[in-house]
There are 2 protein chains.
Amino acid sequence: MTVTLKDVAERAGVSRSAVSRTFTEGASVSAKTRRKVEKAAEELGYSPNFIARGLTTRRTKLIGLVADNFHNPIFLQVFDLFTRGLQERGLRPLLVNLSGETEAEAPIRMLQQYSVDGVIVASSTLPPLFAHAFRRAGVPVVHTFGRHTDAPEVHIVGIDNRSCGRMAAETLVKRGYRHIGFMGGPEGATSSQDRLQGFLEEVAKHPGIRASHSFSDAYSFDAGRKEMSRLLRGDTAEAYFCGDDVLSIGALSAVKSAGLSVPDDIGIIGLNDMEMAAWASIDLTTIHQPIRQIINSSIELIVTLLDEHDREPETRLFRCHIIERGTLRPL
Amino acid sequence: MTVTLKDVAERAGVSRSAVSRTFTEGASVSAKTRRKVEKAAEELGYSPNFIARGLTTRRTKLIGLVADNFHNPIFLQVFDLFTRGLQERGLRPLLVNLSGETEAEAPIRMLQQYSVDGVIVASSTLPPLFAHAFRRAGVPVVHTFGRHTDAPEVHIVGIDNRSCGRMAAETLVKRGYRHIGFMGGPEGATSSQDRLQGFLEEVAKHPGIRASHSFSDAYSFDAGRKEMSRLLRGDTAEAYFCGDDVLSIGALSAVKSAGLSVPDDIGIIGLNDMEMAAWASIDLTTIHQPIRQIINSSIELIVTLLDEHDREPETRLFRCHIIERGTLRPL
DNA sequence: CGCCACGTTGCAACCGGTTGCAAAACGCTT
DNA sequence: AAGCGTTTTGCAACCGGTTGCAACGTGGCG
C-alpha cells in the first residue's frame with residue numbers, strides 16, 4: 001500500500017541510502033543518482049515518512065500547541081496565526097486542550113510520547129508551572145501571553161500586563177473619572193494579577209481617585225456579564241477597566257440590560273482590541289495588544305530554540321496602545 | 001536523556017519484549033514480570049514512545065483536523081469539542097489550516113507523511129474534493145458540516161442545509177414578509193448553495209412571495225456587513241435569511257449603521273445559534289444547529305472507521321430548529 | 001514420576017527511515 | 001598511465017518500538 005524507501009531504491013537501481021540522501025538536505029549525492037531517484041520517486045508517488053525519520057533524527061517537526069481558553073474569540077485568531085506560521089516553516093501543530101486541567105504531568109507525558117520538538121503554551125491563564133514542567137522535561141518551550149518576571153524560567157512572549165494596567169488607570173483618570181474599577185479575569189490568572197497591580201500602582205499616584213476591584217470566573221462573555229451585573233447592584237464605579245475585550249463586551253451587555261447607558265452612565269475600557277471590538281454595535285475603547293507580532297515572534301523563537309535547546313530564558317514584550325472608540329467619555 | 005524500552009528491560013532484568021508486552025494491551029505477560037517491569041518503569045519514568053510504536057503497529061493515534069475558517073467564532077467551539085473529544089479517546093488532533101488553499105495534494109501528502117490514522121474535515125466551505133482526495137489516499141475521513149448528497153463519496157456528519165433553507169423561508173413567510181431575501185456565504189460553498197436551493201423551493205410554494213438572493217465573500221462579520229450595506233443601497237427585501245450567525249451579526253450592524261431598525265424596518269434570521277446570538281445586544285432569531293451532537297457523532301464515526309477502513313460512506317444528519325429571539329417581527 | 005499442553009519468555013527480524021565508515025569511483029595532475 | 005585527493009556510494013548498525021516463532025518452564029493429569 002504505502003511506498004517506501006526500499007521500493008524507490010529498487011526501482012531506481014540504487015541503495016536505500018542513496019534514496020534517503022536525495023531527500024535529506026545537505027547530503028552528498030551526485031546529480032545523476034539524484035535524477036534517477038527523483039524519477040523513481042515521482043513515478044511511485046513516494047515521499048519520506050516523517051514519523052520514521054524522526055526516530056533517528058530526533059526531529060519530528062511536531063510542535064505542541066497548548067491552550068486552555070476556547071471561549072474567547074481572540075484565540076481563534078491566535079490559532080489561525082500559529083497554524084499558518086508553523087505550517088509555513090514546515091512545522092505541525094499538535095493541539096492540546098487543557099481546559100480545566102490542573103496537573104501538568106499527563107499532558108507532558110503525552111507530548112513526550114509524541115516526541116514533539118517544542119511546545120508553545122498560548123495562555124494568559126494557565127499557571128506558569130505548566131510551562132516550567134515542559135522545560136524541566138527538556139522540551140523547548142515558549143510561553144506566549146505568559147507572565148513577565150525579572151528572572152523568567154521559560155521564554156516569554158507577550159505584553160507587560162502591569163504597564164497595561166497603569167495605562168488603563170491613567171486613561172480613566174485623565175478622562176475625569178474619580179471612582180474607577182478594575183474587573184479582572186480569573187483571580188488566579190497571572191495576567192489578571194499583573195493588570196490589577198499596575199492599575200493600583202497608577203491609582204496610588206493620584207490621591208483623589210478611589211479605586212475598587214473584583215474578578216470574574218473566566219475570560220468570557222458570560223463571566224463579564226455576570227460580574228458586571230453583580231457590580232451594578234452595589235457601589236458601582238464610574239468607569240471600569242475590564243481585563244479583556246470579551247469580558248468588556250459581557251459587561252457592556254449587563255450595563256445596557258440594566259437600562260444604563262455607555263459611556264454616559266458608565267465608562268468601559270477593554271484590552272486586546274479583538275476584531276469585534278471595532279464592530280459598530282460594540283465600538284469598544286480598548287488597549288490594543290499586537291497579537292500578530294506576538295505570535296510571529298513566538299514562532300521565530302521556538303524555531304530558534306529547536307537548534308539551541310539550552311538558550312537562556314528570554315522575555316519579549318510588545319508595546320500596547322489605546323484605541324479610542326465610544327465606550328469612554330471624551331477627554 | 002530519554003529512557004527507552006531497553007533501559008527498563010535491563011533494570012527489570014527481563015527482555016525488551018517483556019517490557020513491550022506489559023505496555024501492550026492483550027499481550028501475554030505473567031503477573032510476576034509485569035510487576036517487575038512496572039516497578040522499573042516507574043522508577044525510570046518510562047512511557048512508551050508512540051511514534052516508534054506507530055512504525056510497527058501502523059497506528060499513530062494522530063487525527064488530522066482540517067479547517068479553513070478561522071474567522072467564525074463557532075469554530076472555536078468546534079475546536080474545543082473536537083480536541084476534548086479526541087483527547088478523551090486517546091487520539092491527538094493535528095491541526096491543519098487550509099485557509100485559501102485550493103489544491104488538496106500538498107495537505108494530503110503532509111498528513112500521510114505523519115501517518116495520521118484518520119482525518120476530520122471540519123468545514124462547510126471546503127470543496128468536497130478535499131475529503132474525497134483523502135479517501136482516495138486510503139485515509140479514513142469524516143467530513144463534518146459536509147454536503148449531503150444521495151450517493152456520498154465520504155462520510156458526512158452535519159445538517160440538511162436544504163431543509164434549513166426551507167425552514168427559514170417558511171418562517172419568514174409565516175411572519176407575513178412578502179419580499180424576502182437570501183444572503184449566503186461564499187457562492188462556492190456547498191452549504192450556501194444548498195441553503196439557497198431549499199429557500200427557493202419553499203418560496204416556489206407561495207405564489208405571492210417575491211424572493212431575491214446574493215452571496216457574501218466569506219462566513220464572517222465583515223463580509224456580512226459589507227454585503228448588507230450593498231443590499232441596502234438597492235431593492236432591499238423586508239427580511240433576510242443570512243446563511244450564518246456571524247454573517248447575520250455583520251448584517252445587523254450594517255442595518256443599524258444605516259439608521260434602520262430591526263425588526264421594524266428589516267427582519268433577520270441566522271443559522272447556527274452561536275453563543276453570541278443570545279447576547280442581549282444581539283438577540284438574534286436563528287436556526288439552531290446542534291454542534292455538540294454533530295461533533296460527538298463525527299468523533300464516534302472516525303473512531304469506528306479506524307477499525308473498519310472500508311465501511312461504506314454514511315450520512316448522519318441532525319435536526320435543526322428555530323430559536324425565536326428579537327430580530328424577526330412576531331407572528 | 002513422566003508426559004503433555006499451555007502460558008510465558010527471549011530471540012531475531014522488522015517497521016521506514018538515517019548515518020558513520022570504509023571502499024569505490026571520479027577528476028586532475030604529473 | 002600512475003598517483004593523488006575528493007566525492008559518491010553501499011554496507012551495516014541504529015532509532016524505539018512490536019511480533020512471529022520456537023524454546024522454555026510449569027502445572028495438571030494419568
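Me: Which element gives the most to the surface near DNA strand D?
Reply: This is a predicted model, where local features need pLDDT of at least 70, side-chain atom pairs count only at pLDDT 80 or more, and totals for chains, interfaces and linings use all residues. Residues are numbered from 1 along each chain as written, with chains lettered from A and ligands numbered from 1 in the order written. A residue is near a strand if its C-beta atom, placed from the backbone, lies within 6 Å of it. Helices are DSSP runs (H or I, at least four residues) and strands are E runs of at least two, numbered from the N terminus; with five residues, the top contributor is H4(B).

Me: How many residues surround DNA strand D?
Reply: The closest include A:Thr33, A:Leu55 and B:Ser17. By class, nine are nonpolar (Ala, Val, Leu, Ile, Met, Phe, Trp, Tyr, Cys, Pro), five are charged (Asp, Glu, Lys, Arg) and 14 are polar (the others, Gly among them).

Me: Which helix supplies the largest share of the side of chain A that touches chain B?
Reply: Contact means C-beta atoms, placed from the backbone, within 7 Å. Chain A puts in 39 residues, and chain B 39 residues. Helix H6 (105-113) and helix H11 (245-257) are among the elements of chain A that each supply at least two. The largest share, eight residues, comes from H5(A).

Me: What does the C-alpha trace of chain A span along its principal axes?
Reply: Chain A has 12 helices and 12 strands. Its C-alpha trace spans about 85 × 40 × 30 Å.

How values were computed:
Contact = placed C-beta atoms within 7 Å.
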